[in-house]
Amino acid sequence: MSKNRHYYINWKTGELTFDGQSKLLEPKLIAVLKLLNEAQGELVTYDEIHQSVWPNIIVAPNALQRIIAELRRHFDDSAKSQSVIKTHPKRGYSLQVKLETFVANVSRKKQLTVRTVRQKYFMSILVCILLCASAFWFKQHTNPPIIEQLKALDTQSKQFSNVVAISQDEFVFYDKQDNAPSIVMHNSTNNIRHTLLENITLYGRIHYHASDNSLRFGEVVFQEQIKCAQIVKFSLVTRQKSILIPCNNKFNHSPFLLEKNNLLFTQTDKNSQSHLMLFDVNTRQQTQIELANDFQVIPYHQSNQFAVEVDQKLYFAELVDNNLEFSPAVYNFKSTSKHPMIWLDNNTLLVADGKLVIWLNNQGVIHQQTLQTTMDIGELAQFNDAVFANISRKNWQPRILDKSDTNSTYDIAPSMFADSSAQFRPESQEISLLSNRSGISQIWLWHDKELQQLTFGDKDISSYLWQSPNNLVFNRNGRLFTLTLTTNKSVEEIPLAESVVVVNIMQSVNNNLLLSIKNKEKDQLVWLNQTTGSINKIYEGELSWAQQASKDKMLINTNGQLQYLVSNQLVPLSTFKDITLQWRYYARDGFVYLQDKQKNIWRYNPNSDSKSIVGQYSSDILFMTDYADKRSQMLSDNLIAEHNELVELLMSKP
């Protein structure tokens with residue numbers, strides 16, 4: 001199939017086009033691809049590639065393999081077929097297809113040609129009275145902007161957040177690279193930076209206001225040994241900081257200065273409940289704006305117009321008499337995390353969802369484009385017409401805590417990849433985990449300090465669970481599959497009696513799976529019978545985690561509170577009422593194992609409603625993913641580092 005395809009490449013922009021689709025390649029991918037192309041099908045050795053792409057630089061041993069895997073994915077190739085890139089074992093690689101060079105507007109012309117044909121057909125069926133309107137619509141919507149290149153900007157940091165564009169090349173951001181986090185101002189052209197505030201802990205977002213050339217943000221402080229966050233103003237002219245709103249045992253953060261000296265901010269309490277607040281700078285009066293707990297609000301400059309993300313839906317809204325008046329939802333998000341967004345003008349919003357960039361107005365989606373990058377967009381910033389993105393990759397590292405060996409900890413298959421969700425394989429010394437080291441998040445098995453890939457596919461696996469030593473179940477793109485590890489390894493999809501989206505696999509009990517699902521946009525906790533595919537709903541509403549603690553007791557974590565589900569009603573678990581717990585816990589052999597935030601590990605007996613401390617953990621082993629009492633070992637996820645890059649999104653003009 002690859003030999004019959006025509007591949008077009010723009011070496012300047014990194015745009016690859018074939019079969020009517022266009023993909024944007026990162027600079028390192030382009031460098032390797034260009035080297036292979038110049039060899040005209042001949043072998044290019046490992047050393048030749050390393051000397052050309054990484055001169056005088058020591059890189060990870062598998063850096064080249066990762067780039068080849070990424071290139072194959074962009075070409076719809078694989079290590080098995082090798083129809084585009086051929087591997088010469090222990091020697092190097094060669095390119096098996098011909099690449100044709102094209103100028104920047106080739107793919108653009110193709111798009112315009114396709115759209116012109118469609119427009120002619122559309123206009124042919126309209127009555128004459130609509131011709132003018134359709135011509136205007138065509139101009140606005142058939143020629144959307146396209147991100148043609150990601151222009152890297154130097155920040156002299158690999159761990160930063162809260163990027164604010166002060167000018168075309170000057171940025172303020174929160175530098176987290178050193179042990180003393182700081183707010184800095186950095187010029188990406190001459191690499192001159194100034195430290196504005198040292199040893200500061202931020203909460204929420206930084207807002208820049210051009211009229212008084214100042215920053216406003218939430219700063220974490222301690223009042224009478226209680227942690228909270230106050231809103232402060234920092235002048236970029238005088239370099240002085242002043243308190244606008246004291247914390248008063250709350251976390252005040254993410255301020256926006258509106259017209260008429262009103263400050264909009266978010267107030268979060270100790271139970272993680274958030275409220276949208278309006279603060280009158282003159283009278284210092286605070287007014288709560290009614291809104292659901294899980295929200296994000298982005299004002300359009302100093303107006304009463306807002307973009308509001310709430311319950312995974314995006315709305316346009318106006319502030320009228322201290323209340324938000326919503327238009328119908330313009331977009332539904334699939335992921336639950338908050339999404340970066342900025343206003344391009346008073347009617348157009350730019351939103352990022354992972355690698356997907358979406359242009360929206362009050363009628364819905366105008367255009368969307370998936371960036372061909374291994375990193376996700378974490379933040380968006382803007383100065384005039386220039387748009388910038390903080391793209392990032394988080395490096396998660398699974399670790400094991402061995403209580404039998406004086407609480408020693410060690411890494412499982414240490415790498416620079418996003419590895420997570422480690423689990424003990426039943427009746428074995430082996431440990432499984434999720435890793436994106438193949439380019440896609442898949443299940444791997446760690447044994448005797450070596451990793452073996454268990455699953456393959458073109459979609460990420462988000463959760464999985466062992467059911468026996470040779471069987472596990474996993475969630476891929478909202479669908480369930482079983483993997484049987486016998487001589488003939490097999491993968492089969494689990495048919496579901498209802499059309500639902502699986503969010504998380506939490507527990508397996510007697511051929512029944514405890515799942516969190518999305519059913520018609522509603523969050524539900526259900527039991528799935530694997531034999532019949534039937535679904536039994538046991539709870540509807542937001543929840544973080546759940547485990548069947550005993551035969552008749554379901555333990556649910558909602559908003560950080562542990563509760564029993566009894567006769568379809570949630571009853572608080574008083575045993576842990578004065579203890580702040582981590583969100584995940586595991587039922588094992590009649591007990592439930594939990595972590596608190598004071599770094600204790602608890603064993604809870606649901607039958608006697610009693611608890612006891614069975615160990616401690618450290619900041620090096622934070623988020624429990626499995627617990628084996630007989631082995632005196634705990635597995636955990638740990639964020640080792642977050643790698644950030646600041647780029648400018650270079651777009652074509654519509």
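Helices (H or I, at least four residues) and strands (E, at least two) are DSSP runs, numbered from the N terminus. This is a predicted model, in which local features need pLDDT of at least 70 and side-chain atom pairs count only at pLDDT 80 or more, while totals for chains, interfaces and linings use all residues. Residues are numbered from 1 along each chain as its sequence is written, and side-chain values use heavy atoms, with hydrogens and water left out.

The secondary structure of the protein chain comes to five helices and 56 strands. Of its 654 residues, 49% count as buried; buried means under 20% relative accessible area, exposed over 50%, and partly exposed in between (1.4 Å probe, protein chains only). The chain exposes about 32,800 Å², and carbon and sulfur atoms supply 48% of that area. Accessible areas come from the Shrake-Rupley method with a 1.4 Å probe; for residues, only the protein chains shown count as cover. Among contacts (heavy atoms within 4.5 Å) between residues at least 6 apart in sequence, 42% join residues at least 24 apart.

Helix α1 covers residues 27-38. The expected span of a helix is 1.5 Å times one less than its number of residues. For the 12 residues of α1 this gives 16 Å, and the end C-alpha atoms are 16 Å apart, which agrees. The buried residues of α1 are Leu29, Ile30, Val32, Leu33, Leu35 and Leu36. An α-helix has 3.6 residues a turn, so residues three or four places apart point the same way. Just after α1, Gln40 takes a positive phi of about 55°.

Two glutamines in strands come next. Gln267 lies in strand β18 (residues 262-268) and counts as buried because its relative accessibility is 13%. Its side chain makes a polar contact with the side chain of Asn252 (3.0 Å). A polar contact is a pair of N or O atoms within 3.5 Å; within protein, one must be able to donate a hydrogen and the other to accept it, and residues adjacent in sequence count only if both atoms are side-chain atoms. Leaving aside residues up to four places away in sequence, Gln267 touches residues including Phe251, His275 and Met277.

Gln369 is found in strand β29 (residues 364-370) and is buried, with a relative accessible area of 15%. A polar atom of the Gln369 side chain lies 2.9 Å from the backbone nitrogen of Ile147. With residues up to four places away in sequence not counted, Gln369 touches Ile146, Ile147, Lys355, Leu356, Val357 and Trp359. The C-alpha atoms of Gln369 and Ala352, 17 residues apart along the chain, are separated by 9.7 Å.

The strands also form sheets. Two strands pair if DSSP finds at least two bridges between them. Strand β36 (residues 442-447) is joined to β37 by four bridges in the antiparallel sense, and Leu445 stands opposite Gln452 in β37.

Another open sheet of four strands runs β50-β51-β52-β53, again with antiparallel pairing. β50 (581-588) and β53 (610-616) stand at the edges with a single partner strand each, so one side of each is left without a neighbour in the sheet. Five bridges join β50 to the antiparallel strand β51 (residues 591-596), where Val592 is the bridge partner of Ala587.
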